[in-house]
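Here is a friendly note to read with the model open beside you. Please take the points one at a time and find each residue on screen as you go.

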Amino acid sequence: MMKKKRLSASKASLVLFLCQMISALDVPLDLSQPPTITQQSPKDYIVDPRENIVIQCEAKGKPPPSFSWTRNGTHFDIDKDAQVTMKPNSGTLVINIMNGGKAEAYEGIYQCTARNERGAAISNNIVIRPSRSPLWTKEKLEPHQVREGDSLVLHCRPPVGLPPPIIFWMDNAFQRLPQSERVSQGLNGDLYFSNVQPEDTREDYICYARFNHTQTIQQKQPISVKVFSMDSLNDTIAANLSDTDIYGAKPVTEKQPILLTPTGSTSTKVELRGSVLLLECIAAGLPTPGIHWIKEGGELPANRTFFENFKKTLKIIDVSEADSGNYKCIARNILGSAYHVISVTVKAAPYWITAPRNLVLSPGEDGTLICRANGNPKPNISWLANGVPIAIAPEDPSRKVDGDTIIFSHVQERSSAVYQCNASNEYGYLLANAFVNVLAEPPRILTPVNKLYQVIADSPALLDCAYFGSPKPEIEWFKGVKGSILRGNEYVFHDNGTLEIPVAQKDSTGTYTCVARNELGKIQNEVQLEVKDPTMIIKQPEYKVIQRYGQVSFECIIKHDSTLLATVTWLKDNDELPDDERFLVGKDNLTIMNVTDKDDGTYTCIVNTTLDSVSASAVLTVVARPNPPFDLELTGQLERSVELSWIPGDENNSPITSFVIEYEDGLHEPGVWHYQTEVPGTQTTVQLKLSPYVNYSFRVIAVNEIGRSQPSEPSEQYLTKSANPDENPSNVQGIGSEPDNLVITWEPLKGFQSNGPGLQYKVSWRQKDVDDEWTSVIVANVSKYIVSGTPTFVPYEIKVQALNDLGYAPEPSEVIGHSGEDLPMVAPGNVQVHVINSTLAKVHWDPVPLKTVRGHLQGYKVYYWKVQSLSRRSRRHVEKKILTFRGNKTFGMLPGLEPYSSYKLNVRVVNGKGEGPASPDKVFKTPEGVPSSPSFLKITNPTLDSLTLEWGSPTHPNGVLTSYVLKFQPINNTHELGPLVEIRIPANESSLILKNLNYSTRYKFYFNAQTSVGSGSQITEEAVTIMDEVQPLYPRIRNVTTAAAETYANISWEYEGPDHANFYVEYGVAGTMASRQVDIATQGWFIGLMCAVALLILILLIVCFIRRNKGGKYPVKEKEDAHADPEIQPMKEDDGTFGEYSDAEDHKPLKKGSRTPSDRTVKKEDSDDSLVDYGEGVNGQFNEDGSFIGQYSGKKEKEPAEGNESSEAPSPVNAMNSFV
């Protein structure tokens, strides 16, 4: 919520307007004028008799007035009294009391007269009375002896003082006596008890009277009160009567209400208009009556009605005649009611309707003085002239008195005088001075020249033109120096000369001219008006809820006129911020660190400029865990229940949602608190169920949304009586630990469950289904009993009963247990195995007789192990596997077997003690399965048209191998696969030479083994045939490692082979038939570059052709790779060959430039497919997403593609370098 205050707006305007109106009636002090009283003492003036008496009387006039005084209606000659002086240039009297004078000697009615040649003004009648604070008269006070429940009034009766003292009741320790609906102080100072209670007994009820004027306190003698309770009366009577006497005081009886004050059923009260009406009703009764007020035939006035003294006092402020009527107070309790009617009459001392005002006239003018007042009863109006009743005042032919009006006609300078109007009735009087001053003066403008007025846009602008002249000048306003006269509804012209612009706008800014003229002259004055933009809070502080010890910030972002200086002030609860370093005031905010409970409240941001003020407020609510409850009380104590009540602690601005009640057993577990129950947060009492023989203490914890409070202080202890146990031990079990015993166990009772001292347990057992008697034993302080000499694993009926010194618990329920188990006696029989496939078998067996189990049947275990593989006829270490089948199952599945193998198994029964004997071993065999992949596949000895393949047999043949299957197909440089060729190879072979292959061609090989069941998983490899017959040095790449990231991979390897090798990397998506080759030759930028290089090579080849025709023979080079990219082959020959030199240097190696970085790192380029050749070295790395195959090519002149297993053609760049 935002509150705005604009100092330039309506309230400030009204104040300014009224001030200007008053100043317009003032006669400038340089002109002759009658006296005017400006200051005087109050009518009823109570003075401190120990200090000097100062009676004020100040006046102005031209010439300055002289002063005189009357006392009690006669002239007071101050020159004859050495104790009295008059201040210089003043009429104020100072009566010197501190130097020997007595205030009582100067009691009386004083009146001041201020006089000059133009008239005389008089003050009110000032009644001087010294204050009095007399002592209490001595009196003998008898002790008050009262029966419990009766009413009582302790009278104060303070001495009569001036003014009346303030009354209050205290004890000997100067502590105020507590008051309540039952005990309270009346308006007359008496202390009223609606009913007395034993705690009212005391000997120091003391009434004090404080006299404010003299700053003294008078004390009454202490009053003693003795309250006799019914219990004490019974004890007293019993002590004085024999056993045969019938005695007993009646219990405290409830009483219906009666009024202690006022008495009777009706009363009257007179109050004066404008004062405070106080009506009182105090009632006796038990229970204490409540008071209710009504006005008969009407409503109590809203906003002016208040209830005090626990609603026993009705207070109405600023009463008027409309508040007259009958007021009824009603006292009510459960037995009935009583009432009293107070008839209120509101009278009124005189009050002004129209007070006479000073009148300035020019010679020959007419005028009137009006004096109108009202009151109840209606006041009398009388006139005086210069302090003398007008009837005996000197005659003035221009003056005529007409009741409350004096009419002046054709006044002359001698008509100047001061007139007094007196309005009086039995409740008081009013006296007003008003002068008639006859002057002839040209206009004057009293407002300063070029006065600057600044206002806020859309608020009123009041431009002052204070003037004087006689006769009264006429006022006109103009805007600008030569503007036209201002008229219309947009302006308001006040009688005092002020120009009001009700809603000033920015275009209202400018110069305004005020012109005053009368018959004696004319004068003008200019003032300036500036209209400013209003101050605004564009980001207001907002309501905040913060936990204790947190941090909170309020924003206050403002916008204001740039020509005005704005200051921001923060208030807390309309007061200054605490002087605390935790409060940090920033430019646009207020931050509170480490918030505490005392920071709770309303924070206001006030923005002030010289013209306006705006404010915005927000509430800070500090929440925290509730304070702990207090005043725990136990009532209604019974053997098995008690009522607990408490008073909630402060909820700390977060409503309490629940209360948790905990208890402590001081007898069995002192210091340990247990949960008892939880009740809603609106509940402050609870009926608690109790157990016997427990020394209870309770505590309460309050819970709100923030958390749990600290526990309350413990309640008083309550020890419940002993009783038989209510319950027996739980979780009773009978389980043997040995074949010949029975171990009976139970969960013992907790201490508070014992219900009394001497807790023991009666343990009983007998064999089930046998006609045996119960065997019992009584034990204590244990939770286990062992029965020895029992048969093996037989059922027993068991029960455990609690008992204490007072008796047994209810009959317990029986449970079935068993004596100890022993190992099973027999093995399962008729074990059969059914082989389902090469890796799965199903085993069956017959269950063993339950009697032979000798325990709880837990299931069967199958032990099985591989004896040997039928394909290798070799034995190995026997590793037995175990499968457990729970319950009474008679079959199970054996998964994970190896094909074509011999197995053995046996079956055993299992109980809680362990395993029984094993069944005879059963042998079974698994059939053949498909083999695993060959252990390796190597491709060696590449030639122009052949490759040699070597392989190893499968690690797991899973049967008798029948053959191997080889499939292969060529791959061109566009990753296309050629036709697939399949070859079957006898199982006893381990190598194969493939012939009639295309030279310089990449092949993909797929190789797997077969049994009679089918084909196993395959292994793949790739290889490339060479380009000529020179025996290459085969390179070797090993220890390939990869590290993959989100968008690239780091790959490293070790290389063995000839120097100057290029490396090619292939990668692909897992699961595809052929890997994807990294090939930058398919990139657009690379094709463009190659076209330019191809043109250069073509020119060089033409040059070579010319040289061959001139000096030598040029043999045709071997065919290039059939899968080379045609776009990088510049020659037109169909076989894609280059011509080469055949001179003497044919067999010398050519220099070849490297296009491989020395660090052997392949960096990612624009495409995901990148190709980088590597130079010398044995290690290489590249960054690329995917898998790879490292490849190389030799650098011999006659063998440009030697060892290059890529299907890609040689680089044209390298070909070009070979001619250098």
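1. Let us begin with the disulfides: the structure holds 6 of them, a disulfide being a pair of cysteine sulfur atoms within 2.5 Å. If you count the bonded cysteines along the protein chain, the pattern reads 1-2, 3-4, 5-6, 7-8, 9-10, 11-12.

2. A word on what you are looking at. This is a predicted model, where local features need pLDDT of at least 70 and side-chain atom pairs count only at pLDDT 80 or more, while totals for chains, interfaces and linings use all residues. Residues are numbered from 1 along each chain as its sequence is written, and side-chain values use heavy atoms, with hydrogens and water left out.

3. Now find Cys57 and Cys112, which a disulfide joins with an S to S distance of 2.0 Å. The angle about the S-S bond is -70 degrees, a left-handed link. Cys57 sits in strand S5 (residues 57–62) and Cys112 in strand S10 (residues 108–116), so this pair ties together parts that are 55 residues apart in sequence. Strands here are DSSP runs of E with at least two residues, numbered from the N terminus. Are these two cysteines buried or exposed? Both Cys57 and Cys112 are buried, meaning under 20% relative accessible area, whereas exposed means over 50% and partly exposed lies in between (1.4 Å probe, protein chains only).

4. Next come Cys371 and Cys421, joined by a disulfide with S to S at 1.6 Å. This link is left-handed too, with -65 degrees about the S-S bond. Cys371 is in the loop between strand S31 (367–370) and strand S32 (372–376), and Cys421 is in strand S37 (residues 417–425), so the pair links distant parts of the chain, 50 residues apart. Cys371 has a relative accessible area of 0%, and Cys421 also has 0%.

5. Cys465 and Cys514 form another disulfide, with their sulfur atoms 1.8 Å apart. At -60 degrees about the S-S bond, the link is left-handed, and both cysteines are buried. For contrast, look at Cys1091: at 45% relative accessibility, this residue counts as partly exposed.

6. Strands pair if DSSP finds at least two bridges between them. S8 and S9 (residues 93–95) pair over 3 bridges, and Val84 stands opposite Ile95 in S9.

Terms used:
Helix = DSSP H or I, 4+ residues; strand = E, 2+ residues; numbered from the N terminus.
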